[in-house]
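This report describes one protein model, shown below. It takes up the salt bridges, then the fold as a whole, a pocket, and a few loop residues.

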Amino acid sequence: MGDTNNASYRNERRKFAMITYLITAVAMIVALLEWCLFHFVDPIHSFFTDYYWIGSIFVTIGLLLLVVFIFFEVLRFNKMINWLFALLIFEFVVLGMAPLITRQYRYQFLFSFLIWAIVLVIFILVGSFLPLDLTLDVVVLFVIAVISIICAMHFLMFYLVFNMPYSFIVVRIFIVISIWMFVMYHAQIINGGRFAEMRTKDYFLGALILFLDFLLMYLFSFQLAPKWSDACDKERMDYLIIFKNSTTNGYTASRTERMFDPIEDGTTDSYL
């Protein structure tokens, strides 16, 4: 009887994990297709370039809906509305990324997407096979995350105050390390067989969590994007850009009939 129950449990967990990972993969593909649409279709590109602030509104709404989705279980387990709520959260977050996508180099955002998608898969696998139960030894996760955040804030201040070379790269490394820890933790609670695990009807929440894990890493790619409103953009190193083109800049002649001029646009410090 016990063996039958264990087999049933393993099959149920395996089915839940497969559905969750499948939904995550579909969500990432759909997100990429939408971002390509935003980037390559001129009217949409121009809209999100001109009204970039609307992205903040979309993201805020999406995250507020996510909080409601997490704390009100009836929304997650009602088959009539859980998929709709999850879809709304997903779409608001994807639309919130649109202004950043339109300002990135044409192929840089595609290449970055591929790289971070591979990284996500790698750390899901690492978390799945890791002997250490992160759901039980939460203190390990907490300590590494806190230390990473402290170090990241330290180097961020050096970047902002002193413009210390490569300091922002160090900031990204420490934050990404903490994200990797949570990716492994989320993989363990999805796969089950650990001290803590997600319920087998929570695949929409699991997929949203993994998608947001990916998004947290992917967002760092946009630090290399053109900063048209920032005179300091001239300090960006060309060798950091792998796929560079001049057709995506919202201030190129093809879109606004003139190139962006920091002096003319009033973004150059007068005391320099």
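The model has three salt bridges by the rule used here. The model is predicted, not experimental. The table lists each pair with the distance between nitrogen and oxygen.

| Salt bridge | N to O distance |
|---|---|
| R13 and E197 | 3.9 Å |
| E73 and R199 | 2.7 Å |
| R76 and D202 | 2.8 Å |

**R13 and E197**

The side chains of R13 and E197 meet in a salt bridge at 3.9 Å, N to O. The cut-off for a salt bridge is 4 Å between a side-chain nitrogen of Lys or Arg and a carboxyl oxygen of Asp or Glu, so the pair counts as one. R13 belongs to helix α1, residues 2–40, while E197 sits in the loop between α8 (167–191) and α9. The two are 184 residues apart, and the pair links distant parts of the chain. E197, in contrast, counts as partly exposed, at 35%.

**E73 and R199**

E73 and R199 form a salt bridge in which the closest N and O atoms are 2.7 Å apart. This pair also links distant parts of the chain: E73 is in helix α4 (residues 73–77) and R199 is in the loop between α8 and α9, 126 residues apart. E73 is partly exposed, at 36% relative accessibility. R199 is partly exposed too, with a relative accessible area of 45%.

**R76 and D202**

In the salt bridge between R76 and D202, the N to O distance is 2.8 Å. Because R76 lies in helix α4 and D202 in the loop between α8 and α9, the pair ties together parts that are 126 residues apart in sequence. R76 is buried, with a relative accessible area of 5%, and D202 is buried as well, at 4%. Buried here means under 20% relative accessible area, which is why both residues fall in that class.

**The fold as a whole**

The protein contains 10 helices and zero strands. Along the sequence, the pattern reads α-α-α-α-α-α-α-α-α-α. The protein has 272 residues, of which 40% count as buried. Taking contacts between residues at least 6 apart in sequence, 76% join residues at least 24 apart.

How much space lies in the second largest pocket? The volume is about 450 Å³. This pocket is lined by 21 residues, and those closest to its centre are V59, L63, V93, L215 and L219. Two or more lining residues come from each of the helices α3 (54–71), α5 (82–103) and α9 (203–218). By type, the lining of the second largest pocket divides into 16 nonpolar, three polar and two charged residues.

**Loop residues**

L130 is placed in the loop between α6 (108–129) and α7 (138–162). At 24% relative accessibility, L130 counts as partly exposed. Leaving aside residues up to four places away in sequence, L130 touches Q188 and R194. The C-alpha atoms of L130 and Y185 are separated by 10.0 Å, and these two residues are 55 residues apart along the chain.

Next come two residues picked out by their backbone angles. Most residues other than glycine have a negative phi. N163 is not a glycine, yet its phi is positive, at about 55°. Y166 is not a glycine either, and its phi is positive, at about 65°. Where in the chain is N163? N163 is in the loop between α7 and α8, and Y166 is in the loop between α7 and α8. N163 counts as partly exposed, with a relative accessibility of 42%. Y166 counts as exposed, at 58%.

How values were computed: Residues are numbered from 1 along each chain as its sequence is written. This is a predicted model: local features need pLDDT of at least 70, side-chain atom pairs count only at pLDDT 80 or more; totals for chains, interfaces and linings use all residues. Side-chain values use heavy atoms; hydrogens and water are left out. On a 1 Å grid over the protein atoms alone, a cavity is a set of points where a 1.4 Å probe fits but cannot get out, and a pocket is an open set with protein on both sides within 12 Å along at least five of seven lines; lining residues have an atom within 4 Å of a point. Grid points are joined across faces, edges and corners, and a volume is the space filled by probe spheres set on the points. Helices (H or I, at least four residues) and strands (E, at least two) are DSSP runs, numbered from the N terminus. Ala, Val, Leu, Ile, Met, Phe, Trp, Tyr, Cys and Pro count as nonpolar, Asp, Glu, Lys and Arg as charged, and the others, Gly among them, as polar. Buried means under 20% relative accessible area, exposed over 50%, partly exposed in between (1.4 Å probe, protein chains only). Contact means heavy atoms within 4.5 Å.
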